[in-house]
Amino acid sequence: MTPSSESTSTTTGTATGTGGAERPFPSLSREDARALRAAFVRAGYTADAVLELLGPAAQAALERNEGVPARRRTSRPEVAGRPLTTLARLFLLQLPVPEDDAAAALPLEAAVAGGLVTRRDGWVRAELDVRPYGADDAPADGWYVVGDLDSRLDGTAREVRRDHVLGVGGASATLAQITPRDGVGRALDLGTGGGVQALHLTRHAGAVVATDVLPRALALARLTAALNEVELDLREGSLVEPVAGETFDLVVSNPPFVIGAPEVHTYRDAGLPLDTLCRQLLAEVPPLLAEGGLFVMIGDWVRLRGEQPHERARGWLPTGESFESLLVVRDEEDPAAYVSTWLRDAGEQGASDATERYDRWLAGLEEAGVEAVEFGWFLVRRRGSGPARQVVLDWPHPVEQPAAWWLSDRLDAERWLAERDDPALLQARLRVRDDVVQEQHGEPGAEEPSTIVLRQQRGQRAADSVSTEAAALVGASDGTLPVGALVEAVAQVLEQDPGELRPRLLGELRGLVRCGTLVPVEPG
């Protein structure tokens with residue numbers, strides 16, 4: 001499971017550090033935020049430029065919280081002192097930079113006053129992680145996302161603050177990639193953290209509401225919004241409380257889904273028993289959806305001793321009329337590996353009582369009967385009418401990202417199939433998707449293949465073993481003839497009884513439509 005769930009948060013006030021001292025939340029005026037962004041743009045502080053500066057190997061090491069290769073790359077004489085180099089060392093490598101270099105790279109007084117950096121004895125240090133974010137749907141000069149500093153990059157680790165706010169992480173990137181980007185009226189980012197999902201939503205939603213339970217998270221989301229000159233309706237509160245009674249066309253959530261941690265860090269865990277949070281969200285969010293609205297969430301759930309795989313999460317999918325749900329199961333870990341992963345993510349493995357924390361967390365999971373922790377993607381769509389549909393796809397295999405298009409297609413295909421009995425399917429026209437290739441496997445020299453596989457090169461990248469008859473029908477599926485006529489033609493060529501062939505082929509065709517290898521020509 002990828003560590004990096006985002007925190008929940010909101011607005012102005014004071015923050016308490018690990019030492020307990022209160023200090024104002026970071027804040028920038030509109031003018032100072034505009035000046036800071038302009039400085040970043042002048043310096044070429046973009047995701048692509050940072051990659052070019054560091055090189056692929058050092059960039060990959062930095063993503064593993066290993067800063068030595070990047071420090072070496074940014075210490076080269078030919079790049080030292082450049083504004084881009086200064087900003088990368090300051091915000092990404094968490095290194096002190098000379099005050100003169102910092103003043104040349106950004107409006108230093110505004111950054112100090114706003115709480116982004118501190119200045120002392122001729123050196124400047126970052127107080128926050130401010131990084132370029134170059135998503136596909138970002139504007140031409142990219143986005144900037146504000147979060148709290150993570151583990152040290154000097155080979156040691158420090159525990160992150162309990163109200164830590166995550167900026168750009170693996171989980172936030174995953175959620176962004178599985179969320180459709182069709183134009184919508186109102187969108188909600190539930191548990192916004194540093195505001196990553198909210199930025200994406202501003203590109204295709206008329207209005208964006210972003211909520212979080214942590215005031216510090218909302219303060220950093222406000223900074224993110226200011227640096228990117230976007231408008232967000234930021235609200236403080238838990239779960240759906242801040243938006244009770246409202247409806248949305250799209251709701252996204254990367255909740256603090258980590259399970260069973262004794263020491264609560266709000267960016268990763270909600271402090272609720274086991275997987276209560278994801279269950280609550282799947283109960284409380286779907287009623288907020290307008291007709292045609294979609295809820296997209298990622299999360300963890302447990303498998304207790306005696307339970308079947310995915311049984312628990314399947315039971316949370318809405319059963320009310322008009323809801324259609326898709327759960328894509330992506331991964332699972334044993335409890336010990338799970339605990340180790342998240343202790344490391346929060347820097348707790350460096351604590352003086354790290355062993356005790358590990359033991360306490362693992363003991364709690366074992367006492368609860370947890371056999372494994374599973375992870376997946378949830379999509380719930382509200383339709384005007386029709387029975388509830390619930391689909392669980394166990395798919396830990398590599399897929400194409402962004403995945404939003406084929407996930408949406410999967411929901412559409414399930415509905416299309418549910419609305420058509422076999423006679424209706426025989427009247428339908430289908431076409432094979434352009435990226436599908438046929439593979440044949442068998443013994444060398446054999447006249448006939450022992451296996452025929454239809455493999456998608458895009459999307460889910462499904463690979464289905466099919467019969468010779470189904471392969472022949474798929475090969476002829478160009479959308480011009482109905483399925484019934486193709487079945488008759490295949491039966492004639494292969495000298496088979498159409499009445500016996502028809503039910504076998506229709507079963508295979510339904511599976512191929514379901515995974516997207518065959519696409520209906522007529523609208524749904």
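**Entry 1: a bridge partner.** I looked up Ala187 and found that its bridge partner in S11 is Leu250. Helices (H or I, at least four residues) and strands (E, at least two) are DSSP runs, numbered from the N terminus. The model is predicted: local features need pLDDT of at least 70, side-chain atom pairs count only at pLDDT 80 or more, and totals for chains, interfaces and linings use all residues. Residues are numbered from 1 along each chain as its sequence is written, and side-chain values use heavy atoms, with hydrogens and water left out.

**Entry 2: the sheet.** I noted that strand S8 (residues 184-190) and strand S11 (residues 248-253) run parallel and are joined by three bridges; two strands pair if DSSP finds at least two bridges between them. I then traced the open sheet, in which eight strands follow the order S10-S9-S8-S11-S12-S14-S13-S15 with mixed pairing. Its edge strands, each pairing on one side only, are S10 (233-236) and S15 (389-394). From one strand to the next, the twist averages 20°.

**Entry 3: a helix on the sheet.** I found helix H11 (residues 276-284) packed on the sheet, where it touches S8, S11, strand S12 (289-304) and strand S14 (370-382). The direction of H11 makes about 160° with that of S12. Axes are lines fitted to C-alpha atoms, for helices over the stretch in contact (heavy atoms within 4.5 Å), and angles run from 0 to 180 degrees between N-to-C directions.

**Entry 4: two helices.** I looked up helix H15 (residues 404-418) and helix H19 (residues 498-515), which pack at an angle of about 150° with their axes 7 Å apart. H15 is therefore roughly antiparallel to H19, a term for angles over 145 degrees. H15 contributes Arg410, Ala413, Glu414, Trp416 and Leu417 to the contact, and H19 contributes Arg510, Val513, Arg514 and Cys515. By class, I recorded five nonpolar, no polar and four charged residues; Ala, Val, Leu, Ile, Met, Phe, Trp, Tyr, Cys and Pro count as nonpolar, Asp, Glu, Lys and Arg as charged, and the others, Gly among them, as polar.

**Entry 5: a cavity.** I noted one cavity of 30 Å³ or more in a search of the whole structure. A cavity is a set of points on a 1 Å grid over the protein atoms alone where a 1.4 Å probe fits but cannot get out, and lining residues have an atom within 4 Å of a point. Grid points are joined across faces, edges and corners, and a volume is the space filled by probe spheres set on the points. The largest cavity is lined by Glu324, Ser325, Arg389, Val391, Leu411, Glu414 and Arg415. H15 gives the most to this lining, with three residues.

Key:
Parallel < 35°, antiparallel > 145°, perpendicular 65-115°, else oblique. 1 Å grid on protein atoms, 1.4 Å probe; cavity = no way out; pocket = protein on both sides within 12 Å on 5 of 7 lines; lining within 4 Å.
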